[in-house]
Amino acid sequence: GGVRTAQTFARLGLIDEYVLLVEPVALGAGQRLFTQHTALTLAEAKSYACGVTRLTYHPA
């Protein structure tokens, strides 16, 4: 699936954990994963030497 599949799962409350990789380089515009306010709780954050940050969130 792609962004639309993820958006549908989020809207239906079917996601129990989000793992996001934040890249230090902006490549332009893309599709949004979150189209409305989503309450999340940060569960874990890890930084890597290459500059990437891995963020794990749980729905609040």
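**View 1. Pro59 sits in strand E3 of this predicted model.** At 39% relative accessibility, Pro59 lands in the partly exposed class, because that class runs between the 20% cut-off for buried and the 50% cut-off for exposed. Look past its sequence neighbours (up to four places away) and you'll find Pro59 touching Ile15, Asp16, Glu17, Tyr18, Ala39 and Leu40. As for Phe34, Pro59 is 25 residues from it in sequence, and the C-alpha to C-alpha distance is 12 Å.

**View 2. Strand E3 (residues 53-59) pairs with strand E1 (residues 18-22).** The two run antiparallel, joined over five bridges. To get your bearings, pick out Thr56 in E3: Val19 stands opposite it.

**View 3. Strand E3 also pairs with strand E2 (residues 40-47).** This pairing is antiparallel too, with seven bridges.

**View 4. The hairpin of E2 and E3 has five residues between its strands.** Which residue takes a positive phi here? That's Gly51, with a phi near 105°.

**View 5. Phe9, Leu12 and Leu14 make a nonpolar surface patch.** The patch covers about 320 Å². Phe9 belongs to helix H1 (residues 3-11). Buried or exposed, or something in between? Phe9 has 40% relative accessibility, so it counts as partly exposed.

Key. Residues are numbered from 1 along each chain as its sequence is written. This is a predicted model: local features need pLDDT of at least 70, side-chain atom pairs count only at pLDDT 80 or more; totals for chains, interfaces and linings use all residues. Side-chain values use heavy atoms; hydrogens and water are left out. Two strands pair if DSSP finds at least two bridges between them. Helices (H or I, at least four residues) and strands (E, at least two) are DSSP runs, numbered from the N terminus. Buried means under 20% relative accessible area, exposed over 50%, partly exposed in between (1.4 Å probe, protein chains only). Contact means heavy atoms within 4.5 Å. Patches are made of residues with over 30% relative accessible area and no salt bridge: like charges are joined within 9 Å, nonpolar side chains (Val, Leu, Ile, Met, Phe, Trp, Tyr) within 5 Å. Accessible areas come from the Shrake-Rupley method with a 1.4 Å probe; for residues, only the protein chains shown count as cover. A salt bridge is a side-chain nitrogen of Lys or Arg within 4 Å of a carboxyl oxygen of Asp or Glu.
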